[in-house]
Each structure stands twice: as structure tokens, then as C-alpha cells.
Amino acid sequence: MSRRVVRQSKFRHVFGQAAKADQAYEDIRVSKVTWDSAFCAVNPKFLAIIVEAGGGGAFIVLPLAKTGRVDKNYPLVTGHTGPVLDIDWCPHNDNVIASASDDTTVMVWQIPDYTPVRNITEPVITLEGHSKRVGILSWHPTARNVLLSAGGDNVIILWNVGTGEVLLSLDDIHPDVIHSVCWNSNGSLLATTCKDKTLRIIDPRKSQVVAERARPHEGARPLRAVFTADGKLLSTGFSRMSERQLALWDPNNFEEPVALQEMDTSNGVLLPFYDPDSSIVYLCGKGDSSIRYFEITEEPPFVHYLNTFSSKEPQRGMGFMPKRGLDVSKCEIARFYKLHERKCEPIVMTVPRKSDLFQDDLYPDTPGPEPALEADEWLSGQDADPVLISLKEGYVPPKHRELRVTKRNILDVRPPASPQRSQSASEAPLSQHTLETLLEEIKALRERVQAQEERITALENMLCELVDGTD
């Protein structure tokens with residue numbers, strides 16, 4: 001008698017669990033716009049959700065700890081004149097979020113650590129370059145201030161948010177509406193899917209298609225694609241019989257998929273969320289009430305079904321927490337923020353372990369908040385892998401960091417003047433006494449600035465308490 005060998009994997013028993021009722025975010029009027037984006041973005045500090053709003057588009061930003069019922073007068077981020085279609089947190093600054101809208105603009109916002117008293121209406125910068133609605137946003141994974149936007153004009157624009165300039169515009173690649181865009185791990189390539197049913201890999205700095213595959217899925221419904229950690233591609237789509245599919249592709253051989261999984265028959269587009277640390281892909285369908293998850297491995301059959309988290313209510317959208325925002329003491333390997341019609345519910349994916357110690361096999365070093373490159377370095381052709389951090393001691397988000405925008409004068413075509421030092425200043429050596437004096441002055445100034453910041457925070461808290469009291 002042959003014994004069936006069970007595949008060894010530390011993720012075989014991953015299970016999902018919805019948070020308790022008091023850990024959800026209640027009374028949020030989630031947007032009803034018909035658009036296949038996640039409608040939700042989350043980072044270790046904040047939860048952002050696109051909401052219904054009269055007279056334009058808006059989204060709400062809540063500190064993660066502010067669970068429970070949300071006051072109907074809670075301040076929103078408003079500024080778009082049309083519905084907001086996509087939002088994305090900057091991976092290198094937890095206080096900066098970008099929003100894309102039906103009004104053809106992209107806006108970048110600075111979110112304060114304290115709760116604002118009134119709506120935030122002034123973005124740090126507005127990026128105007130698309131001629132139709134903008135439905136997709138994605139920050140560069142390793143370069144500072146590089147933001148990608150894709151619009152209904154079939155154009156992909158890469159922006160330098162620090163200057164407001166267009167770095168690159170890819171306007172001759174897609175003949176039809178773009179459905180999804182994804183960076184690879186170091187930001188050297190893009191994977192896009194389009195209404196023309198073609199999956200493309202693009203080198204954005206050369207403005208050329210490196211590889212493409214027509215009709216990776218035979219069905220007519222939209223495709224989605226994400227890069228895996230080793231440079232392969234995962235795509236979700238539909239068969240000719242409207243069965244939903246997950247396929248794994250090797251870009252060096254686009255003829256046949258490495259693996260193909262067929263699931264159920266449904267018309268909801270599957271949004272893939274890929275975790276490179278565990279090599280697990282989670283599939284969330286809009287309108288579904290379940291999350292399926294699969295492990296991607298090096299050996300056949302390459303794509304292994306793990307389990308399905310099921311609930312009663314269908315999901316309107318989904319947020320996916322970056323690894324550095326998870327609770328490592330509870331062996332969390334993923335956390336989702338599921339949007340209902342009027343609330344947002346956290347769903348935690350856990351690997352059961354008996355030990356309370358840090359599980360280093362579950363948590364390899366993961367991308368941290370520091371960029372590896374500046375925008376100009378990336379544009380000039382440099383590539384760099386993400387700067388990794390350890391989660392052993394847990395992750396503490398840094399304090400508020402301001403996004404500084406320096407718009408260049410487009411009328412001034414002179415080359416920037418190189419800084420010149422006077423002869424005496426460059427030749428005279430600094431004495432030890434002068435150095436010590438300067439250091440003491442800098443230290444004193446820093447202390448004064450810190451005291452002022454603490455005073456401002458205290459005054460703002462007093463103001464919030466007064467406003468809450470008058471309500």
C-alpha cells in the first residue's frame with residue numbers, strides 16, 4: 001500500500017480570523033463607485049478608505065487605534081472635484097498618501113499625526129497631466145518620491161512628487177484602458193494588464209515592452225497581474241467559460257503558464273495581494289465573501305492551494321497591511337481590512353505556534369521605510385533592492401516627517417549654479433573651539449524646536465477637546 005506523502009510547509013495551517021466587533025471601524029459610508037480598485041489603503045499608522053461624498057470625491061483617514069463607531073462629522077480629505085478612484089500610501093513616509101480621481105488629477109496629501117479639526121482640503125501638490133480620469137496609483141518600491149499614475153487616456157505617467165515634474169510618460173504602449181500596474185521588487189520593471197487582453201512587462205526608463213503575452217486568460221473580464229519575489233508573474237483572470245483562474249508565468253517563456261489553477265464561476269474580478277516574505281498570494285474578489293490563498297514554491301506543481309477564509313458578508317474592497325505593521329508576537333503573517341457597506345473589519349491571518357518567542361522563519365528581514373535611491377538616481381539608470389529591517393523587536397513607526405516639495409522654475413533654463421565658497425572660508429581650518437561652539441548651538445536649537453513642537457501638540461489637543469466639548 002502506497003502512503004500519501006503530505007507536502008512539508010510551515011504555511012499549511014495558516015488560518016484567518018475576523019477581529020472582534022469592538023476592533024472594527026463602524027459607520028463609514030464606503031464609496032459606491034463602480035471601479036475595480038481596492039478602495040482601501042493601510043499602513044502601520046493609518047487606515048484610509050474612499051467614502052461617499054457630495055460635491056466631489058473624498059476619503060477618510062483614521063489612526064489604526066481609532067476603532068469603534070466613527071463620528072459622522074469626522075474630518076475627511078476632500079479636494080477632488082470628481083469621485084476618488086484609488087489611494088496609495090507612500091512606502092517611505094507613513095504620513096503621505098496619494099489619491100487619484102475621476103477629475104483627471106492626482107493629489108498628494110500630508111496627514112498629521114493628530115486628528116484634524118476640520119476637513120483637509122489642501123494637498124501638498126496636485127499633479128496634472130492626464131486628459132481622462134486617473135484610476136491607478138502605485139509608488140515606486142525603492143526610489144524616494146517616485147509615483148506612478150495610469151489613466152483612462154491609456155497613458156502611464158511617472159512623477160517626481162518632490163518637484164512636481166513628470167519624469168517619464170508612457171503613452172504609446174497601451175491601445176486601450178489599463179486595468180492594473182505592478183512594480184517588480186526593485187522597481188526596474190512594470191507589469192501591466194490592459195483591455196486588449198495583453199499582459200506586458202515594460203522597462204519604463206527605456207519606454208519599451210520587454211515581453212508580452214496576448215490572452216493569458218481566454219475570458220473577456222479584466223485581468224490582474226503581480227510580480228513574485230523571483231521575477232515571475234502571477235495573473236488572475238477568467239476562462240472562456242467564465243471560471244476564475246490563477247496562473248503563474250515565467251517571463252522568459254511566455255508560451256505556456258508554469259501553473260494554472262481554476263477556481264469557481266463568478267464575475268467578480270480577483271484582486272491578488274502577494275506577500276514576498278512568505279511567497280503566499282491572497283485572492284480577494286469584489287463582491288465575494290471569501291479570501292483564497294495559495295503558496296508559490298520552486299518545485300512542481302508550483303502553486304499550492306492552502307485554504308479559504310469565508311465569512312457571511314460580501315466585500316466592497318480590501319486593504320493589505322505591509323509586513324512591518326503586523327503583530328509578530330501573535331505570529332500574524334498578513335492582515336486585511338475588509339470593507340463592508342458601512343464598516344471596515346480587520347481580518348488576521350495567523351500561523352499557529354506554541355512558542356511565544358520571535359519566529360525568525362516566519363519573519364525574514366522585510367522592506368523598511370527608508371528609500372534606497374533618490375528619484376534622479378533611479379531615472380539615470382540605477383537600481384537598488386529595498387532597504388530591509390528586522391521585525392525582531394517589533395516595528396515602531398517614525399514620528400511625523402514632512403514631505404517637502406521644491407518646484408523647479410520651468411522658465412529658468414540656466415544650469416544650476418554650483419555652490420561657491422569664499423577663498424578664506426575654504427582655506428581656513430575650523431578650530432576645535434569653533435566646532436564645539438557650533439555643536440552646542442545646534443543642540444540648543446534642537447531642544448528649543450522640540451519644546452515648541454511639544455507645546456504646539458499640547459495646544460492642538462486642547463483645541464480638539466474644546467471642539468469635542470462644544471459638540
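Trainee: Which residues line the second largest cavity?

Mentor: This is a predicted model. In it, the lining is Trp 35, Arg 133, Gly 135, Ile 136, Ala 150, Gly 151, Gly 152, Val 177 and Ile 178. Strand E12 (134-139) and strand E13 (146-151) each supply at least two residues of that lining.

Trainee: What makes Trp 35 a lining residue of that cavity?

Mentor: A lining residue has an atom within 4 Å of a point of the space. Trp 35 is listed in the lining, so it has such an atom.

Trainee: Why is this space called a cavity?

Mentor: A 1.4 Å probe fits there but cannot get out, so the name is cavity. The second largest cavity has a volume of about 50 Å³. The search found two cavities of 30 Å³ or more.

Trainee: How do you divide its lining into nonpolar, polar and charged?

Mentor: Arg counts as charged and Gly as polar, while Trp, Ile, Ala and Val count as nonpolar. The division is five nonpolar, three polar and one charged.

Trainee: What is the division for the largest cavity?

Mentor: Its lining has 12 nonpolar residues, one polar and no charged. Val 61, Tyr 74, Ile 111, Pro 116 and Ile 120 lie nearest its centre. Its volume is about 90 Å³.

Methods
Residues numbered from 1 in each chain as written. Predicted model: local features only at pLDDT ≥ 70, side-chain atom pairs only at ≥ 80, totals over all residues. Heavy atoms only, no water. 1 Å grid on protein atoms, 1.4 Å probe; cavity = no way out; pocket = protein on both sides within 12 Å on 5 of 7 lines; lining within 4 Å. Points joined across faces, edges and corners; volume = space filled by probe spheres on them. Helix = DSSP H or I, 4+ residues; strand = E, 2+ residues; numbered from the N terminus.
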